[in-house]
Amino acid sequence: MAKTIVQEFTKGLWDEIPPFRLVLGLCPVLAVTKTVENGIGMGMATTFVLVCSNILVSSLRKVIPSKVRIACFIIIIATFVTVVELVMQAFTYPLFLKLGIFIPLIVVNCIVLGRAEAFASKNGIVASLADGLGIGIGFTLALGALGAVRELFGTGILTIWEKPIQVFGPSFQPFTFMIEAPGAFVCLGLMLCIMNMMGSK
Amino acid sequence: MGDYIVLAISCILINNILLAQYLGNCPFLGTSKKMETAIGMAMAVVFVLVMAGVITWIVNTYILQQFSLEYLRTLSFILVIAALVQFVEMFLKKSIPALYAGLGIFLPLITTNCAVMGVCLINVNEEYTFLQALVASFSYAVGFGLALILFAGVRERILLARVPKPLQDTSIALVTAGILSLTFFAFKGMV
């Protein structure tokens, strides 16, 4: 039993890492990864919603009638998103402003609803918790990685814990394309390509 | 009148919902493999987005703001959208079966399309008036359709090209979307 829970957890980190293996929930991936911090903040907010909704859906899975399950899942998810929204507004206001519209939009992130439907509604609470945590951390890692690449090439600066580090030195000409919309698409596409190359070996 | 035209152009081309605001990308990649499905999705989005934009604006102005319940916005908007999609589905099934068959699976999928929810939230955040919200919702939906159909056309051509193996499928689609997004960038500064 313990082994399977570990497996549920680790599959989210590589085998089913969300934006790459399951091409779901792309909008926040593209939109908030201008910097590492934004990416990780968004990833953590999504992880929280994912874990909580997975637990609640899994514990209510025998009570919810299957005909109205999607509506029930959406209400559960929306409740937790509202919680995140209010908490972030109170404690991390600058980040809340930067992420803006994308926090309420966690409600319609296909990953969260997808995990509720595909996993939590069929499995026990502990397994669902591990699944939510694994997928959430995988999502955060992916957002952080994409944010790092885009911030590094787009500005030449990497901000970690509010300390900007000039990586390429002062003579570096920023590659502004990377932090704009087209750069997000191209960068994600190329990262997917690299993952495919590593996977096929 | 002029203001509304400017708003419409900026929503369709400059702030294109798919390529500049990054909303609704899952159906953008998911339904753009064939021209037919792309057109079906585009029609369904125009239909639902206009209705959702108008109804959520009314809910927000006359219910949520009236009783200072703004913190319930996320919850109430998603409920309105889900109920609306369900209602539209039942209505079309009974009264216009041809259109219903055309839209098919895309109607229920719209509930989790972040373009719909996103536009509703933008309308509220920008504090649009009723008419502005109506024009903006319609123009965003048209912009979505335009980008989706253009992209489907490009993707049909890519099928005929020889793509390196690791780049195939979603990967090349994303790079293509990036180039398409770059062309939409040219509209920046037009208004």
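Predicted model: local features only at pLDDT ≥ 70, side-chain atom pairs only at ≥ 80, totals over all residues.
**Figure 1. Overall build of chain A.** Chain A contains 9 helices and 2 strands. Read from the N terminus, its elements follow the order α-α-α-α-α-α-α-α-β-β-α. The radius of gyration is 18 Å, close to the 17 Å that the globule rule gives for 201 residues, so chain A is as compact as a globular protein of that length. Along the principal axes, the C-alpha atoms of chain A fill a box of roughly 60 × 45 × 30 Å. Of the 201 residues in chain A, 47% are buried.

**Figure 2. The side of chain A that touches chain B.** Here 34 residues of chain A are in contact with 33 residues of chain B. On the side of chain A, the elements giving two or more residues are α3 (26-31), α5 (69-91), α7 (110-120) and α9 (181-200). The largest share, 13 residues, is supplied by α9(A). By residue type, this side of chain A divides into 28 nonpolar, 5 polar and 1 charged.

**Figure 3. Packing of helices α3 and α4 in chain B.** Helix α3 (residues 35-64) of chain B packs against helix α4 (residues 73-95) of chain B at an angle of about 140 degrees, and their axes are 10 Å apart. The two helices, α3(B) and α4(B), are therefore oblique to each other. The crossing of α3(B) with α4(B) is right-handed. Residues that α3(B) brings to the contact include Phe47(B), Met51(B), Ile55(B) and Val59(B), while those from α4(B) include Arg73(B), Phe77(B), Ile81(B) and Leu84(B). The residues of this contact divide into 13 nonpolar, 3 polar and 1 charged.

**Figure 4. Ser68(B) in the loop between α3 and α4 of chain B****.** Most residues other than glycine have a negative phi. Ser68(B) is not a glycine, yet it has a positive phi of about 40 degrees. Ser68(B) is exposed, because 7 other C-beta atoms lie within 10 Å and a residue with 12 or fewer counts as exposed.

**Figure 5. Glu127(B) in the loop between α7 and α8 of chain B****.** The loop that holds Glu127(B) lies between α7 (114-125) and α8 (130-158). Although Glu127(B) is not a glycine, its phi is positive, at about 55 degrees. With 9 other C-beta atoms within 10 Å, Glu127(B) is exposed.

How values were computed. Residues numbered from 1 in each chain as written. Chains lettered and ligands numbered in written order. Axes fitted to C-alpha atoms, helices over the stretch in contact; angles between N-to-C directions. Helix = DSSP H or I, 4+ residues; strand = E, 2+ residues; numbered from the N terminus. Parallel < 35°, antiparallel > 145°, perpendicular 65-115°, else oblique. Left-handed = near helix turned anticlockwise from the far one by under 90°. Contact = placed C-beta atoms within 7 Å. Nonpolar A, V, L, I, M, F, W, Y, C, P; charged D, E, K, R; others polar. Buried ≥ 20, exposed ≤ 12 C-beta atoms within 10 Å, placed from the backbone. Rg over C-alpha atoms; globule rule 2.2 N^0.38 Å.
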